[in-house]
Amino acid sequence: MDIREKISKWLDLLVVILWFFVFGIGVGIVFYSNDFSNFYFLKFKYLFLYLSLIFIFFSLVIRAKIFLPNLTIKRFFLILASFSFGIFWYLKSTTEISPSHLLAKENGKYKFIDTDISEETIVYGTIVSDPDIREDHTNIVIKPDIIIPEPEKYTIELDTTNVKVIIEKDFVLRVIDGDTFETKQGQKVRLLGINAPEVGQPKADKATEFLKKKLLNKEVELIIQEDYIFDIYDRVLAVVFVDEENINKLLLEQGLAEIYDDPNIRIIKKQKYGEKIKIKGNSGLIRAKVLPTIGNYYFEMNYGDYIKIISPLMLPKKATNPAGFDYRKYLNARGIYAVTKTLRNPQEIELQGLGNLNIFVKLSYILRKKLLLSIRKTVPYPQSAFLGGVTLGYRGGVPQKIREQFQATGVAHVLALSGLHTGFIAALLLIVCNIFKIKSLGRFISVSFSLSVFVTMTGASPATVRAALMFCLGLFMYDVLKLSLRNSSRITIIIAATIILFFSPQLLPDASFVLSFMAVWSLIYVSPLVEKILLYSNSKFIHQFLTFPLFSVISGMTVLSLFGGILQEVSIFRKFFPFFTYLPSLENLFPKWFNVETSQWLSKGEFFLLSLTFYFCGILIHYLYSLSGKMLVRDMIRYPLFRTLMKFVSAQVAIQIGMMWPLSSVYFYRFPISGFYANFLAIPIIGIIVQLGWIAGLVSLIFDFLSYLLGIKFVSTIGINITLLINAFNTQLCQMFLGMAKTWGNFVPYPYVEMFSSNSLILWFSSLLIIIWFDRIKHLVEIYKIKAVIFLSLIFCFGLYYFVFPQIKKNKNVEIIFFDVGFGNAVLVKTPNKNILIDTGSPGPSGWSSAESAVAPTLTKFGIKEIDALIITSVKPQCVGGVIYILSHFKTNKLYLPKNFLDCSTLTYYDFIEKQNLWYYITNPYLYEATSLFVENYKLSKYIKEFYGEIKIVSDKEEIVINELIDGKNFKLVILSSEKIVDTLDTIADNSLCVKIIYGNHSVLLPTQLGVKLQDKFVVHFSDVLKSNILLVPQNGHYNAYNEAFVKKVSAEIAVCQYGWTNQRIGYFNPSYVLATQQKYQSLNIKFLRTDFVGSVSFVLDGEKYIYTTGISEEEYKTRINID
Amino acid sequence: MDSATKIFIFLLIISIIFGTVVILTHPEYRVKNIYQTNKNYYPQINDENLNKEFKKLFERKK
């Protein structure tokens, strides 16, 4: 065999293996780095991926028979040229917006990270993106130029502008103290603007010594403010210079004096100072949230402004719970390494002038605003917010309710600019080129340039960059290299991935990047396979039971939703077809289905009943048609419309298999079932909306420009009227789209789904690759025979050993997770057979409550769909805040409530606080704590009326929830309670419950909200039960709830304090209160873990010993607080 | 002219016809009224501010 052929065959084999690695293990590493900590290549994951991708690219090119049968040397170099072009395009389009380097100190140390604990930092830098203006704040991204971390010290500068001064020369005879001396002329001089320690105070001697050393027996220059010469002791006030050295300033900088604020002083300017760090070259960016947006000052913030911010810099918040959104990873992927928050106070943010302005970027942003203005003028709200989002990427202004509906419908991807939108823009550009007969190189250049403008304009999100890069590369290959479309798409996906990852490796785990690439990958690789099976197979069975029924379900449900709700939202339909308004809406026809609270679990019954009806209708129609001896699907795909529809169904199936099903659960913990149906309407409509939106905007721009050139204002008016015409129609489409989201959002559940583990992901994608490349693998086996079979078997065994067996091994441990829910309590107890949740954290706005952001994702991650017992230990908002969310999304068998829980669904606010005997709130009824207590209890009272599970109000002294044997050891979970207390300061706290967990030799005590008085009672009543290894600090660590007798009785080794900040600030108290408690626990040698510092705390108990892990490593925070 | 271009031009014509119908039948569908509904949606993006910004851009260039 020729050596070339040999190389070629081996490369072919390696390509297959590398694809497996990249998509299997690569995906695994991305999501579960921790799971792979024992993997050797974890440290080299990026390097590994680069090499793999580059290798695949070159091997594809060299192994010509795979995709390029007619590869010549010339073409090979042309492909290399396309690679280089891609790099050039990427760098030119995105450097300004997403540099990918860490913020470094001049000497290369990342000291900047330490600023997380700083009080204040001064940052000078340029705004490098279009400010994102929201309803209550503005987000800006700053490229720092100078950073002054922790400027705690002050300095003074002499400033004699506009102030008359007297300059005298004199000789120092005697130094009296640190800030006063006597001169030869007999006058006593006091240093102006500073204050040195008095005799007897610390550093007083040092200051005097310093002054003696500097001034004694020396000639000095005194600068005296003409209108402020003497102080009340008749001492001359002066700024003193010796050898051009400002002594006042020197004393201050040496820390031997303090600033002395005096309004009469005008020749001294006070300044903060610290160690200046000049940032050279590319650096990490800083995201600043400017609050609030009211006031013209902040509206003037623009791209390219050079600003100064004085505010603490912080690291972006890391995911601190076992599952949840990792803001730090998200921002790091966008080149942002620090965040800060400033107020509109001009002392915190100040415009300094102009920064490094890229005229191309600036012009793009002005054009973007111009286009948005045309939308503001021609599209009414809220359709304007929708159109502004989908065409220009303006993310503010879309009402929260609409956002939620979009998420639940699985069409949220249309709200954020994605590859799909870029594709529509690219298609529009091609059409425009076609109309103006621009072809080949001209078309390639004009489309690439326009896409570059589009990407810059819309903020260069990973998805748009990926899509635009792929499109430009594809066009380069098609128009310049004259390759076929199919070949170019297969090659461009690899080139684009390689280029983006090479320059921005931190994008690798980013949802936007991964989902975007996997969607395209599914379309290129999985879609043909699905088409082959669904449309072109000869099996009558598949056509009868799969293809046509699937088409029937999708089209049936689409038509149903169209007439049931979507068209009712379109105003022109209401105008011309008023009967639509009178049609009974689905919500009225099937009220139960549309009950928002219960619709989440429709998947178990009603929703599928409808789908099933359409499915069987499909089978029936196909059967009846086949009686005539014809094949329905075959006949249908002869017609272009049906062929397009069927291909669209196949593409949707492919995306579900290759991207949505495995990855939606990983990133969002939920799966939008309706996405499959809704996209059937959503994608074509959004295509038209985006293209018409841009055409309308461009018409307005062109006429504006003409008006400017000709100097006739009327021309601009004509333009805006044409825009109005186009947008009037587009508004109807937007209404239809919003109606669709609303209808589907209510119609179909958006359930939490069990997350794919890293092992399952690898198996999923490996299996998919085996199916996709079945022919190729078969061919390879034929060539290499035994060798290949052994090799593949080894890979298979390796896979089983590493990924499958560990999952099968049954876990016999008990896991207790103390969530980081800010200011609130939530603890999950997970045994091999049971799941118990104790409290649900604090309430919050939709999407941000503790239950939604921390508890539910974690339950999903652990595959928990059913909660055996939900124990609410107190009716305080920080315990019941998320209970409704949990009950409505997870099947809960038993709900335990404290004895003072009051059904207040029919009570007024005053009745409630009176019945609860909250006399303090009766006298102070407007306290936020009191109203939120009522609101949360009212909601819960109403909700549990329809609760399907068992409700138990705990009144017994000891309520045993679980008592069973696990692995031969006793596991017991018991609720401790005392008799009802009515006459105390805090009746809510003094009637709360306490949970005790015992497993083998170890135990955990959770007195979540126990007041001091109740703790005293517990010490007496449960003296033999209290002793535990782990203790939850009562009342979120408030020092008022510290009871030494109780803590000593428990004599725990570790105390966990669930404390932190929440948006709602219900019951929130100052951190110093917790610090006081912490010191008391530490004085008793109890390890104190605060969730606001270490994140969630997970204990694993095996009955004989226990270990714990924290959400954030203790090391990361050891500089912040001395936990030990 | 390929089919995509034809469809697009057809769509554009349809949109203008339907747009005209909408404007004729909805008297509230006028620039002034619409602008009013958007008063809280990016209020800072208006003719005056944009002109200022545009002028500033060229001033900066000088």
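Author: What follows is a set of questions and answers about a predicted model.

Reader: Why is A:Asp839 called buried?

Author: A residue counts as buried if 20 or more other C-beta atoms lie within 10 Å of its own, and A:Asp839 has 36 C-beta neighbours inside 10 Å, so A:Asp839 counts as buried. This residue lies in the loop between strand 22 (835-838) and helix 29 (850-861) of chain A, and A:Asp839 has a positive phi of about 65° although it is not a glycine.

Reader: What makes A:Asn1036 count as buried?

Author: The cut-off is again 20 or more other C-beta atoms within 10 Å, and because A:Asn1036 has 28 C-beta neighbours inside 10 Å, A:Asn1036 counts as buried. A:Asn1036 sits in the loop between strand 32 (1030-1032) and helix 36 (1044-1050) of chain A, and its phi, near 55°, is a positive value in a residue other than glycine.

Reader: Why are helix 12 of chain A and helix 24 of chain A called oblique to each other?

Author: Helix 12 (residues 419-435) and helix 24 (residues 674-710) of chain A pack at an angle of about 55°, with their axes 9 Å apart. Angles under 35 degrees count as roughly parallel and those of 65 to 115 as roughly perpendicular, and the two helices, helix 12 and helix 24 of chain A, are therefore oblique to each other. The crossing of helix 12 and helix 24 of chain A is right-handed.

Reader: Which residues make the contact between helix 12 and helix 24 of chain A, and how do they divide by class?

Author: Helix 12 of chain A contributes A:His421, A:Phe424, A:Ile425 and A:Leu428, while helix 24 of chain A contributes A:Gly687, A:Val690, A:Gln691 and A:Trp694. The residues of this contact divide into five nonpolar, three polar and no charged.

Reader: Which residues touch the most other members of the largest nonpolar core?

Author: Among the 145 residues of that core, those that touch the most other members include A:Ile142, A:Leu451 and A:Ile689. Not counting residues up to four places away in sequence, A:Leu451 touches A:Ile425, A:Ala426, A:Ala468, A:Phe471 and A:Cys472. A second, separate core of 87 residues includes A:Ala989, A:Leu1032, A:Val1056 and A:Phe1099.

Reader: How many residues does each chain bring to the contact between chain A and chain B?

Author: Chain B gives 33 residues and chain A gives 39 residues. On the side of chain B that touches chain A, the largest share, 13 residues, comes from helix 1 of chain B, and by class that side has 18 nonpolar, 10 polar and five charged residues.

Key
Residues are numbered from 1 along each chain as its sequence is written. Chains are lettered from A and ligands numbered from 1 in the order in which they are written. This is a predicted model: local features need pLDDT of at least 70, side-chain atom pairs count only at pLDDT 80 or more; totals for chains, interfaces and linings use all residues. Two residues are in contact if their C-beta atoms, placed from the backbone, lie within 7 Å. Helices (H or I, at least four residues) and strands (E, at least two) are DSSP runs, numbered from the N terminus. Ala, Val, Leu, Ile, Met, Phe, Trp, Tyr, Cys and Pro count as nonpolar, Asp, Glu, Lys and Arg as charged, and the others, Gly among them, as polar. A nonpolar core is a set of buried Ala, Val, Leu, Ile, Met, Phe, Trp, Tyr and Cys residues joined through C-beta atoms within 7 Å. A residue is buried if 20 or more other C-beta atoms lie within 10 Å of its own, exposed if 12 or fewer, and partly exposed in between; C-beta atoms are placed from the backbone. Axes are lines fitted to C-alpha atoms, for helices over the stretch in contact, and angles run from 0 to 180 degrees between N-to-C directions. Angles under 35 degrees count as roughly parallel, over 145 as roughly antiparallel, 65 to 115 as roughly perpendicular and the rest as oblique. A crossing is left-handed if the near helix is turned anticlockwise from the far one by less than a right angle, and right-handed if clockwise.
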